[in-house]
Amino acid sequence: MSSVLQTSTAAPARSTNVAMAIVALAMGGVGIGVTEFTMMGLLREVEQGLGVSTPEAGHLISAYALGVVVGAPLLAAVGAKLPRKHLALGLMMFFTVANLASFLAPDYGTMLLSRFAAGLPHGAFFGVAAVIAASLVPPTRRGWAISMVMAGLSISNVVGVPFATWMGQTYGWRLLFILVGLIGLLTLALIWKFVPFHKAHPDASIRRELGALKRLQVWLAILIGIVGFGGFFATYTYIAHTMTMVAGIPSSLIPLVVALYGLGMVAGNIVGGRIADRSVMGTLYKVLPGIAVALVVYAVAVQWPWSAFVMVFVVGASGSMLIPALQTRLLDASPDAPSLASSLNHAALNVANALGAFLGGLVIALGWGYTAPALVGAVLALLGLGVAITSGLLERKRPLAA
């Protein structure tokens, strides 16, 4: 009788511990989302504060994205022999210190360097966080666990980014980095307390992690992220211009638009995690054409304010459904180098950010209008579907390693 009672009480306790560990890892995503996306809404204040032009201020965002692309594979490989909890703590400490350095940066050059440094641990942290979360649950719930960690990034767009933007506009843009530093310290405390310690794999090494880069399926998964998710960023980058100049929505309501987009991301992330647990490739086959359809409808619906609000939510949801499946696909494609493979997803998404913003700006410059980026995004989503189908066909001939 006592053993039954112990079992029944142990299960809820373990469930609570897993939930708190995932919350701890997701909190890191909140801080990362706030520092990455708030800068876009504070560019005018940054220009005035540093005495630089708009393009120069924009380079601060590019420097962060470049840091993500460089740091994701580099830090994940270098930290391969560390226990994953220690690696997560080290990466979050790096991130926190770099953001506090941005607060203290006296001029444009040091600010540019600190933003690059702040981006370095971004992808590697999400990569190791996804691996930790997946290891805490049964294999059939990996997609859900990964989506819950990624939810921190989505939640930051609903709550953190609007608040940090308001605070920066009202009390000074540099306070953004103090806020992110405080979130980083909270994340460190939560990870230390709730994330369980496991020894590093005895065969773990930099060489073993870098072996993931030899696999075609890893590169195809990265390409799906770059191309398929590029449409999401092509639309998001110019959403303020589209809402004000096409839908006729007052600029004072743009924070509401951003919040709706963030809510869509939260909903899509949760749904994406659930359906990825059923079938990873099936999710990619369904979501990518869904993104294309949503972007085409969005391009038409933004002519009217009420439908524009609805489609902002739908586009945010459809795009974020893709992330858990991509993350899980990379883990499946390289099971012996999970940290590096998982971190590459975020490097791919930052390349997608640059690609989408560039192509969206190009069609606007050609005079095709502010709805054109969404149509470019629809084409990118279909190209991503083509890559996913190619990956699936190749897998039939040569199944992934167990």
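Where is the place of Y370? I found Y370 in the loop between helix 16 and helix 17 (372-397). For helices I used DSSP runs (H or I, at least four residues), numbered from the N terminus.

**Entry 1. Conventions**

I noted that this is a predicted model, in which local features need pLDDT of at least 70, side-chain atom pairs count only at pLDDT 80 or more, and totals for chains, interfaces and linings use all residues. Residues are numbered from 1 along each chain as its sequence is written, and side-chain values use heavy atoms, with hydrogens and water left out.

I looked up the accessibility of Y370 and read 26%, so Y370 counts as partly exposed. The terms are set by relative accessible area with a 1.4 Å probe and protein chains only: buried is under 20%, exposed is over 50%, and partly exposed is in between.

I then turned to L288, which lies in helix 13 (residues 280-301). L288 is buried, with a relative accessible area of 0%. The C-alpha atoms of L288 and V302 are separated by 21 Å, and these residues are 14 residues apart along the chain.

G143 has its place in helix 6. G143 is also buried, at a relative accessible area of 1%. Its C-alpha atom is separated by 39 Å from that of W368, 225 residues apart along the chain.

**Entry 2. Aromatic rings**

A pair of aromatic rings is described by the distance of the centres and the angle of the planes. I counted rings of Phe, Tyr and Trp (its six-membered ring) as a pair if their centres lie within 6.5 Å; planes under 30 degrees apart are stacked, over 60 edge-to-face, and the rest tilted. By this rule there are six aromatic pairs. In one of them, W166 and Y171, the ring centres are 5.7 Å apart and the planes stand at 85°, so the pair is edge-to-face. W166 has 44% relative accessibility and therefore counts as partly exposed, while Y171 has 56% and counts as exposed. The rings of W173 and F177 have centres 6.2 Å apart and planes at 85°, so this pair is edge-to-face. Both W173 and F177 are buried.

Which residues form one aromatic cluster with W166? I found F163 and Y171 together with W166 in that cluster.

I also looked for charges over rings, where NZ of Lys or CZ of Arg must be within 6 Å of the ring centre and within 35 degrees of the ring normal. R141 lies over the face of W144, at 4.2 Å from the ring centre. K193 lies over the face of F194, at 5.6 Å from the ring centre.

**Entry 3. Cavities**

I took a cavity to be a set of points, on a 1 Å grid over the protein atoms alone, where a 1.4 Å probe fits but cannot get out; lining residues have an atom within 4 Å of a point. A volume is the space filled by probe spheres set on the points, which are joined across faces, edges and corners. The count is three cavities of 30 Å³ or more.

The largest cavity holds about 180 Å³ of space. Its lining has 15 residues, with E36, F37, L153, F233 and L349 nearest the centre. Helix 1 (2-41), helix 6 (142-171), helix 10 (230-237) and helix 16 (338-365) each give two or more residues to this lining. Helix 16 has the largest share, four residues.

The second largest cavity has a volume of about 50 Å³. Among the residues that line it are M150, L153, S154 and H346. Helix 6 gives the most to this lining, with three residues.

**Entry 4. Two helices**

The expected span of a helix is 1.5 Å times one less than its number of residues. Helix 7 (residues 175-194) has 20 residues and reaches 29 Å from its first C-alpha to its last, close to the expected 28 Å. Its buried residues include F177, G181 and L188.

Helix 15 (residues 322-333) has twelve residues and reaches 16 Å, close to the expected 16 Å.

Methods: 1 Å grid on protein atoms, 1.4 Å probe; cavity = no way out; pocket = protein on both sides within 12 Å on 5 of 7 lines; lining within 4 Å.
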